[in-house]
Amino acid sequence: MTNTKVKEKIGRSAFTAAAILCIIAVVAIFAFLIVKSVPAFGKIGILQFMFGDNWSPDRLDSYESPLSGYYGIFTMIVGTVAATVGALLIGGVIGYFTAVFLVFFCPEKLKRVLASVINLLAGIPSVVYGFFGVVFLLPLLALFAPNNGTGLLATSIILGVMILPTVVSLSRTSLEAVPRAYYEGAVALGATHTQAVFKTVVPAARSGITASLVLGIGRALGETMAVVMVAGNSPAYPHSLFNSFRVLTANIVMEMGYAGEVQEGALVATGVVLLFFIFLVNVVFGAVSNRAVKTSAKPKKERKTSLAGVRIREFFGNIAYKLKAPYIGRAAAIVAGCFTGLALLFVVGFIFVKGVPHLIGNGYLVFGKFEFGGSRITIFPAIVTTLMTVALSLLIAVPIGVMTAIFLNEYARKGNVFVRIVRGAIDVLSGVPSIVYGLFGMITFVKLFGGSSSILSGSLTVSIMLLPTIVRSTEESLKSVADSLREGSLALGAGKMRTIFKVVLPSALSGILSAILLSMGRVVSESAPFLYTMGSVISATPHSYTDSGATLAVALYRLAGEGWHINEAYATAVVLIVLVLALNLLAEWVAARLNKKLTGDKK
Amino acid sequence: MKKVKEELPFGQTISVKGANLWYGDFHALKNIDIEIPERAVTAFIGPSGCGKSTFLKCFNRMNDLVAGCKITGKFMIGDVDIYGKTDVNELRKNVGMVFQKPNPFPMSVYENIAYGPRTFGIRKREQLDRIVEESLRGAAMWDELKDRLGKSALGLSGGQQQRLCIARALAVKPKIILMDEPTSALDPISTGKIEELCDELKTSTTIVIVTHNMQQATRISDKTGFFLLGELVEYGDTEDIFSDPKDERTERYITGRFG
C-alpha cells in the first residue's frame with residue numbers, strides 16, 4: 001500500500017515538474033528577449049529603431065562606443081505588412097472561396113481528394129515553397145518584370161499559397177459547423193442553393209472564417225525561409241511589385257550569423273517587434289471573435305445603425321441583387337477550388353518531375369560518402385543529421401509535452417492560477433515564430449555548449465518549439481476519453497497512476513501518436529531554428545550530438561541559394577516532400593486505425 | 001505491490017449518521033441516518049435530483065472526485081469509518097460499483113475482468129484465469145462469453161456490457177456492490193437478467209441499488225429508501241413502503257402523483 005502511495009506521489013510530482021518546465025521555457029525565452037533587446041533599444045532609441053528607414057549596421061559597433069552604423073527597421077516593418085496584406089489578398093480570398101467550394105459546390109468524390117490534398121500540403125516545408133519560388137515563379141515573373149522577379153509580388157504569391165491550407169481547413173470547419181437548419185430554412189423559403197449558401201450559411205460562419213484569416217496572417221508574419229528565398233532582401237521599401245525588399249524575419253536570418261554586439265541586440269529587437277505584431281494580431285482577433293459572439297447573442301435593437309448606414313447598405317444591396325452576387329460568388333468558389341487543388345498539385349508535381357530522375361539516376365546523392373573539396377554532392381550526412389535531430393528532439397519534447405498535458409487534464413483543478421499560467425505559457429510558445437526560436441537557440445544553447453553549433457543545440461531549440469503542439473493535441477485526446485472509464489477504474493480501487501497509465505492513456509493513444517508523427521514532420525520541415533544552432537553546411541556525416549550538420553531542409557536552402565547544384569536541390573526537395581507526406585499520411589492512418597480498434601470489433 | 005495486502009475489517013453493513021453533503025453552496029443531502037443490512041438488496045428511489053445517487057456515491061467515496069464537494073457525518077462500513085484514516089483504494093476494492101451507463105474499458109473481455117485483480121497485485125496467469133471464470137460465472141455470463149474472452153468488450157451488446165461490468169466488479173471480491181441505475185440504459189430482457197443476478201448475488205454480497213423504476217424496487221429489494229430533495233423521507237421494508245407508506249409524500253410518489 002505504501003508502495004502505491006509512493007508511486008502516486010512520484011507521478012504527481014513528475015507531471016507537475018513537466019508543467020513547470022514549460023513555464024521555465026517561456027520565462028527563459030522572454031528573459032532572453034528582454035535582456036538582449038533592451039540595451040539595443042536604449043542605445044539606438046526606440047523611435048529611431050522603429051521608424052528609422054536606414055539599416056546599415058556596423059558589426060564593430062559596441063555598447064561602449066558611439067554608433068557608426070544605422071539601425072532603423074521601418075522599411076522592414078512596411079515590407080512585412082505589405083507582404084502579409086499581399087498574402088492575405090491572394091491566399092485569404094482564394095482560401096475563403098475554396099472552403100465555400102469544398103463544402104457546398106464540390107462533388108462528393110472530389111471533395112475527399114481535394115480536402116486531403118490540402119491537408120497534406122499544409123505539411124510541406126517552407127523551404128520547398130521557397131525553392132519552388134526560386135526555380136519556377138521567379139523565372140516566370142522575370143519574363144515581364146523589370147528585374148529578376150524578386151519582390152513583393154513573388155513574396156505575396158508564395159506566402160499566399162502557403163497560407164491556403166490553413167485558411168481553407170479552418171474556414172471549412174466553421175462552415176460545416178453552421179446548423180443545417182439555417183440552410184433548410186432558407187431553401188424552404190424558396191431560395192436557391194446558391195442564395196441559401198451565400199446569404200444564410202456563409203454569414204453565420206463569419207467569425208470562424210475571420211479566425212481562419214487571422215491564423216493565416218499569423219503564419220505569413222512569422223514565415224521566414226520561403227520569403228528569404230524570393231524577396232531579394234535588400235533593406236528597402238517595397239515601392240513596386242518588383243523590387244528587392246526585406247521583411248522582419250528575413251532581417252534576422254540574413255545577419256544573425258555574423259552579427260556584432262549592437263547588431264545582435266538589434267536583431268533580437270527585430271524579433272521583439274515581430275512578436276509584438278503577432279500578439280497584436282491575436283488580440284485583435286480575440287476582440288473580433290468576441291464581438292461576433294456578443295453581437296449574435298444580443299437582441300437586434302441594441303445594434304444601432306444610422307439612417308445613412310441603412311441607405312448605403314440598401315444601395316449596395318441593390319447593386320448586389322442586380323449583379324446576382326451569389327452567382328458570381330458561386331463562380332468564384334468553383335474557380336478558386338480548382339485553382340487551389342491545381343496550384344498545390346502543381347508545386348509538388350513540378351518538383352517531382354524535375355527531381356525524381358536525378359534522385360534515381362544518382363545513387364551517390366543519397367547514399368554517398370562526403371568528400372572534402374569534392375565536386376559531387378551527397379545528402380547522406382543531411383539525412384543522418386535529420387534523423388538524429390528528430391530522435392533527440394522528440395525524446396525531449398514528447399515526455400515533457402505528454403506529462404504536461406496529463407497534469408493539465410488529469411490533475412489540475414479547473415481555473416487554478418497555476419493551471420492558467422501553464423496554459424498561458426503554452427499559448428505564448430505557440431505564437432513565437434520559428435526564427436525567434438532560432439535566435440534564442442543560437443544565443444543561449446550554442447554559447448552554453450562552447451560557441452560552436454551542434455546537433456544538440458538545434459535539437460534543444462526545436463524541442464521547445466514542439467511543446468505546444470504536443471501538449472495541445474495530447475490534451476485534446478485525453479479530454480476525449482470518457483470520464484466514465486476513469487470512474488470505472490477508480491471504483492475498482494485502482495489508484496490515479498494506474499487509471500492514467502492503464503485506462504486513460506491507452507484510450508488516448510491514437511491522438512498522442514499522431515501528434516508525435518506530426519511533430520516529426522515538423523522537425524523534418526523546419527529550417528529557420530536550425531540555421532545558426534546546428535550549422536548549415538553539408539559536411540561529413542555526424543558521429544555525435546556535438547557535431548554540427550545541416551538537416552535536409554537546411555541543405556535544400558543552401559543548395560537552392562548557391563545555385564550550383566540545382567538538380568541535387570530538386571532531388572533533395574523530393575526526398576523532403578516524400579518524408580513529410582509519408583509522416584502525415586502515417587499520422588492519419590495511425591489515428592484512424594487505433595480509433596477503429598478502440599471502438600471494438602463488432603461481430 | 002508484491003506483498004499480500006493486510007485485509008482491513010470492512011464489514012457488509014452500512015451505517016450512516018447525520019450525513020450532510022454540499023456541492024459548493026448547494027445543500028444536496030440533508031441530515032441522513034440509515035442502517036443498511038448485510039446480504040440483502042436495498043433500493044433507493046425518488047425523483048431525479050433528489051440525491052439518491054449522490055448518497056450512493058458516498059459509500060465508496062466517488063464524490064471525492066467532484067470539485068467543491070463537502071461531506072460531514074459518520075459513514076461506517078462494518079466497523080470502519082470510511083472517511084477516517086481509510087485507504088480509499090482499499091475501500092473501493094471492498095465496495096464495488098456499477099454505473100448507470102455500462103463503462104467497459106476498451107480492452108478485451110478478459111483484460112476488463114483481470115484489471116481489478118491485477119490492480120491488487122495478482123499476476124499469475126492461472127490465478128487470473130480462475131478469477132475471470134469465477135466472475136463471469138458469478139455474473140451468469142460464462143457460457144455466453146467463454147469463447148470470446150479475447151474479443152474487445154466494446155463489441156458486446158449494451159446488456160452484456162453492463163453484466164460484464166458487474167463481473168468486473170465481482171472480480172475483486174467486494175463485500176458490497178453499489179448499483180447506480182444499472183438498468184436505465186438497457187432493454188427489458190437485459191434488465192430482467194440483471195435483476196435475476198441481483199437475487200443470486202445477495203446470498204453473498206450486500207447490494208445497494210438506485211433506481212427510477214418502482215416496479216424494479218418492488219421486484220428485487222428487501223429494503224427501500226425514498227429520497228426527496230436531499231432528504232431520506234422514509235426507509236423500511238420494501239413491502240411496508242409500497243403497501244403502507246407512513247409519509248404522505250412517499251404515498252404520493254409511489255402512486256405516481258409526482259416525480
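# Helices, salt bridges and a surface patch

Helix α19 of chain A runs over residues 455-479 and has 25 residues. From its first C-alpha to its last it reaches 35 Å, close to the 36 Å expected at 1.5 Å a residue. The model is predicted. A search of the whole structure finds 29 salt bridges over all chains.

**Helix α19 of chain A**

- α19(A) bends by about 35° at L466(A).
- A proline, P468(A), follows that residue within four residues.

**Helix α4 of chain B**

- α4(B) spans residues 125-138, which makes 14 residues.
- Its reach from first C-alpha to last is 20 Å, close to the 20 Å expected at 1.5 Å a residue.
- Which residues of α4(B) are buried? They include L128(B), I131(B) and V132(B). S135(B) and L136(B) are buried too.
- Seen down the axis of α4(B), the buried residues fall within an arc of 125°, so they line one face of the helix.

- R137(B) and E133(B) join their side chains in a salt bridge, at 2.8 Å from N to O.
- Both residues lie in α4(B). They are four residues apart, about one turn of the helix.
- R137(B) is partly exposed, at 45% relative accessibility.
- E133(B) also counts as partly exposed, at 28%.

**Another salt bridge in chain B**

- K74(B) and D81(B) meet through their side chains in a salt bridge, with 3.2 Å from N to O.
- K74(B) has 42% relative accessibility, so it counts as partly exposed.
- D81(B) has 24% relative accessibility, so it counts as partly exposed.

- E264(A) forms a salt bridge with K36(A). Their closest N and O atoms are 3.2 Å apart.
- E264(A) lies in helix α12 (residues 261-297) of chain A, and K36(A) lies in helix α1 of chain A, so the pair ties together parts that are 228 residues apart in sequence.
- Is E264(A) buried or exposed? E264(A) is buried, because its relative accessible area is 14% and the cut-off for buried is under 20%.
- K36(A) is partly exposed, at 26% relative accessibility.
- K36(A) and E264(A) also belong to a network of salt bridges with K447(A).

- I20(A), L21(A) and I24(A) make a nonpolar surface patch of about 250 Å².
- Where is I24(A) found? I24(A) sits in helix α1 of chain A, which covers residues 2-44.
- I24(A) is partly exposed, with a relative accessible area of 48%.

**A buried serine in chain A**

- S489(A) is part of helix α20 of chain A, residues 483-491.
- S489(A) is buried, with a relative accessible area of 0%.
- How many residues apart in sequence are S489(A) and L137(A)? The two are 352 residues apart in sequence. In space, S489(A) and L137(A) are 59 Å apart, C-alpha to C-alpha.

Terms used
Residues numbered from 1 in each chain as written. Chains lettered and ligands numbered in written order. Predicted model: local features only at pLDDT ≥ 70, side-chain atom pairs only at ≥ 80, totals over all residues. Heavy atoms only, no water. Helix = DSSP H or I, 4+ residues; strand = E, 2+ residues; numbered from the N terminus. Expected span 1.5 Å × (residues − 1). Bend = angle between axes of the 7 residues up to and from the residue. Patch = residues over 30% accessible without salt bridge, like charges linked within 9 Å, V, L, I, M, F, W, Y side chains within 5 Å. Areas by Shrake-Rupley, 256 points an atom, 1.4 Å probe, with all protein chains shown as cover. Salt bridge = Lys/Arg side-chain N within 4 Å of Asp/Glu carboxyl O. Buried < 20%, exposed > 50% of the residue type's maximum accessible area, 1.4 Å probe, protein only. Arc of directions from axis to C-beta.
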